[in-house]
Amino acid sequence: MYLEVLLLFFEAVIDANIFPVLIEILSKAEFKTRKEAAWAITNATSGGTPDQIRYLAMQGCIPPLCDLLTVMDAKIVQVALNGLENILRLGEQDAPMHNGLNPYAVLIEECYGLDKIEFLQSHQNMDIYQKAFDIIERFFGSEEEDTRLVPSIDSQGQEYQFTAPDSSQLPVQGFEF
């Protein structure tokens, strides 16, 4: 019952065109007001339907949430991380429709949010550090290693063994300077 009421509430907020105003506040208002807007947006990302969360992302909530990752208020940094994580989770589900890419991870990278999240891995607050680490690991983890590039280790585990590349993989033409 509670969830149904909450979803109807979010739908009414969308219909009243309140989220664009909240996102504007999140972007440009004084800090105290931005904090309240961050709570509202993050609550919407945690309780909204996938379509409602997509709507928030399309309205531009990602860049201002990323901007909050650099403030001194640890609680608001956590709120922003939670909102971004919720959006990224949906993006993980939507990735097959976007050539396997999480569209929201791309948006976060484009507004330098990934750099800010990476920086939070050195935050003194362990909860922020852990959340940042988990987000990077899950949504921005490196691609699989190319095993052709990784050297093997000898039988004693003491030395790397490098092999010469197959001549069929070498360039055919010489270099000119």
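1. Axes here are lines fitted to C-alpha atoms, for helices over the stretch in contact, and the angles between N-to-C directions run from 0 to 180 degrees. The points below should be read with the caution that this is a predicted model.

2. Helix H3, spanning residues 31–47, and helix H6, spanning residues 74–94, have axes that come within 9 Å and cross at roughly 30°. Since angles under 35 degrees count as roughly parallel, H3 and H6 are therefore roughly parallel to each other, and H3 passes H6 in a left-handed crossing.

3. On the H3 side this contact is made by Phe-31, Lys-35, Ala-38, Trp-39, Thr-42, Thr-45 and Ser-46, while H6 contributes Lys-75, Ile-76, Val-79, Asn-82, Gly-83, Asn-86 and Ile-87. Sorted by class, the contact of H3 with H6 has 6 nonpolar, 6 polar and 2 charged residues.

4. H6 also packs with helix H9, residues 126–139, at an angle of about 20° and with the two axes 10 Å apart. That angle makes H6 roughly parallel to H9, and the crossing of H6 and H9 is left-handed.

5. To the contact with H9, H6 brings Ala-74, Val-77, Gln-78, Leu-81, Asn-82, Glu-85, Leu-88, Arg-89 and Glu-92, and from H9 come Asp-127, Ile-128, Lys-131, Ala-132, Ile-135, Arg-138 and Phe-139. By class, the contact of H6 with H9 has 8 nonpolar, 2 polar and 6 charged residues.

Methods: Residues are numbered from 1 along each chain as its sequence is written. This is a predicted model: local features need pLDDT of at least 70, side-chain atom pairs count only at pLDDT 80 or more; totals for chains, interfaces and linings use all residues. Side-chain values use heavy atoms; hydrogens and water are left out. Helices (H or I, at least four residues) and strands (E, at least two) are DSSP runs, numbered from the N terminus. Angles under 35 degrees count as roughly parallel, over 145 as roughly antiparallel, 65 to 115 as roughly perpendicular and the rest as oblique. A crossing is left-handed if the near helix is turned anticlockwise from the far one by less than a right angle, and right-handed if clockwise. Contact means heavy atoms within 4.5 Å. Ala, Val, Leu, Ile, Met, Phe, Trp, Tyr, Cys and Pro count as nonpolar, Asp, Glu, Lys and Arg as charged, and the others, Gly among them, as polar.
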